[in-house]
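Please look over the fold of this chain and the patches on its surface.

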Amino acid sequence: SIVNGIKNFFLGIFISFYMLMAKDKFKANGRRFLNAFLSPKKVRSVIRFGKLIDNTFGGFIEGQILDAAVVGIISYFAFLVFKCSFNSYLRISFSV
């Protein structure tokens, strides 16, 4: 329902901000956990793999955001030229 969607949206934002604020603590605790159960060589390997995943997915998400922004701007000007009604709604739906 709409109420559940709104609740989940705000809960997601809250959890995201919490994790961003505590990311250094999470990182230190994760490293401690790995050091407790794995050899130093394996810990370095896991951390290197984590950095690779972060770079790969981070670049993908940045590219998707840039692509959506470019499509939104182009469609905004196209709708202005053709004097389309509901251009804001259509522009957002095209860029997503």
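Helices (H or I, at least four residues) and strands (E, at least two) are DSSP runs, numbered from the N terminus. This is a predicted model, in which local features need pLDDT of at least 70 and side-chain atom pairs count only at pLDDT 80 or more, whereas totals for chains, interfaces and linings use all residues. Residues are numbered from 1 along each chain as its sequence is written, and side-chain values use heavy atoms, with hydrogens and water left out.

The protein chain has 4 helices and 0 strands, and along the sequence the pattern reads α-α-α-α. Three of these helices are described below, with the residues they cover.

| Helix | Residues |
|---|---|
| α1 | 2-21 |
| α2 | 23-37 |
| α3 | 40-81 |

Helix α3 has 42 residues and reaches 61 Å from its first C-alpha to its last, close to the 62 Å expected at 1.5 Å a residue, where the expected span is 1.5 Å times one less than the number of residues. Just after α3, Lys83 takes a positive phi of about 50 degrees.

Burial is judged by relative accessible area (buried under 20%, exposed over 50%, partly exposed in between; 1.4 Å probe, protein chains only). Of the 96 residues of the protein chain, 8% count as buried, and within α3 the residues Val43, Gly72, Ser75 and Phe79 are buried.

Accessible areas come from the Shrake-Rupley method with a 1.4 Å probe, and for residues only the protein chains shown count as cover. The accessible surface of the protein chain comes to about 8,600 Å², of which 71% belongs to carbon and sulfur atoms.
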